[in-house]
Amino acid sequence: LMELQNLSEPLRNHSLVSIFFGGGTPSLMPPELVADLIAEARKIWPAETEPEITLEANPTSVEYEKFRDFKAAGINRVSIGVQSFDEKELKFLGREHNADEARTAIKYAGEIFDNYSFDLIYALTTQTPQGWGKQLKEALKLADKHISLYQLTIERGTNFYERKVEVPHDEQAAEFYEVTQNVSKAHGLPAYEISNHAQPGFESRHNLTYWRYGDYLGIGPGAHGRINGHATVMTRSPEKWLENPLETNTLLTEHEKFEERIMMGIRLKEGLPASLKTRLSNFEMLEKEGFITQQNGRITATKKGFLMLNSLTGKLLEG
């Protein structure tokens, strides 16, 4: 609460659009604390419309049995970390819940909240594109207005990296991605961002703020924020954070802000304003080769471009 009050000063002229309780396991917080934080945020920033207030939760009974209390505290959307409905895959991913718990958590969410989402990870070592398509069709029967579908990537320094877990080669990864897009779109949940799918009008307002490069305030251990051109990072260790919350507060250069805006915006189906074209590298070449397109005042990645998004972003920012 003190951090929220102290860091909000540069943003007092803003209105409240969304709150996202994420990172770690925020659903282990007492609902009373959630209510206090929401009340303070509403006091600082009057909201023009009802804010989207999301809580991340794992699908365990300890967490989903508190959903009603969280709704009473002011939460109006939950995002559940399901990741898979296959027991072997859950074990491979190191998850503590089982498939039945995941289904029960989604059932609870649907009974209590008008808006909920869950996430799945695909392109696992044991999967085929056909098998994933079948699993996704079953999973979408449980989905409502939003779902997040992440293709497995291996980051250096993680347990998966140390275990030398393999990911699909480019051609197979493209097949996984195409299956994902086709199945989710047929179910009425088209992609609005490379990994996020929603009924029109139910896109995550909070995440759209990130991707559209808007201002957001990061509160709590390890939180990142973007405030009036400043990048803030809060101290990661909870113990150290209690003594000194703010780790860094960096004024970004115009070039850094431009790079971040491109990296975030090109992930969206709506893309970027065409006015940015003159500042982008290799634009004509990438357009000619079918990786990007320009229409209705927007620059967007094509289907081919989304399959090579990291490379595409690098080319657009080259030089």
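**A salt-bridge network and its surroundings**

Guide: A network of salt bridges links R212, E270 and R298. A salt bridge here is a side-chain nitrogen of Lys or Arg within 4 Å of a carboxyl oxygen of Asp or Glu. The model is predicted, so local features need pLDDT of at least 70 and side-chain atom pairs count only at pLDDT 80 or more, while totals for chains, interfaces and linings use all residues. Residues are numbered from 1 along each chain as its sequence is written, and side-chain values use heavy atoms, with hydrogens and water left out.

In total, the salt-bridge rule gives a count of 14. Between R212 and E270, the closest N and O atoms are 2.8 Å apart. R212 belongs to the loop between α10 and β8, and E270 to the loop between α12 and β11, so this pair ties together parts that are 58 residues apart in sequence. Helices (H or I, at least four residues) and strands (E, at least two) are DSSP runs, numbered from the N terminus. R212 counts as partly exposed at 47% relative accessibility, and E270 is partly exposed as well, with a relative accessible area of 30%. On this scale, buried means under 20% relative accessible area, exposed over 50%, and partly exposed in between (1.4 Å probe, protein chains only).

R226 counts as buried, at 15% relative accessibility, and E260 is one of the buried residues of α12, which are F258, E260, I262 and G265. These buried residues pack against α10 (205-211), β8 (224-227), β11 (272-273) and α15 (309-316); contact means heavy atoms within 4.5 Å.

Helix α12 (residues 254-265) has 12 residues and, at 1.5 Å a residue, should span 16 Å, which agrees with the 16 Å between its end C-alpha atoms. The expected span is 1.5 Å times one less than the number of residues. A further salt bridge joins the side chains of E254 and K257 (2.9 Å, N to O). These two residues both lie in α12, 3 residues apart, about one turn of the helix. E254 is exposed, with a relative accessible area of 57%, whereas K257 is partly exposed at 23%.

L272 counts as buried, at 3% relative accessibility. Apart from neighbours within four places in sequence, L272 contacts R261, I262, G265, I266, G297, R298 and I299, and R298 is a member of the network described above. The C-alpha atoms of L272 and P200, 72 residues apart along the chain, are separated by 19 Å.

Elsewhere in the chain there is an open sheet of 7 strands, in the order β1-β2-β3-β4-β5-β7-β6 and with mixed pairing; two strands pair if DSSP finds at least two bridges between them. β1 (18-21) and β6 (191-193) stand at the edges with a single partner strand each, so one side of each has no neighbour in the sheet. The twist averages 25° from one strand to the next, where axes are lines fitted to C-alpha atoms (for helices over the stretch in contact) and angles run from 0 to 180 degrees between N-to-C directions.

Strands β4 (residues 116-122) and β5 (residues 146-151) pair in the parallel sense over 6 bridges. S117 has H146 as its bridge partner in β5, and Y122 stands opposite Q151 in β5. Helix α6 (residues 99-112) packs on the sheet, touching β3 (77-83) and β4, with its direction at about 165° to that of β3. β4, helix α7 (residues 129-140) and β5 make a right-handed β-α-β unit; right-handed means that, with the strands pointing away from the viewer, the path from the first strand over the helix to the second runs clockwise.

β5 is joined to β7 by 3 bridges, and the two run antiparallel. I147 has H197 as its bridge partner in β7. Helix α9 (residues 170-186) lies across β4, β5, β6 and β7 (196-198), running at about 175° to β5.
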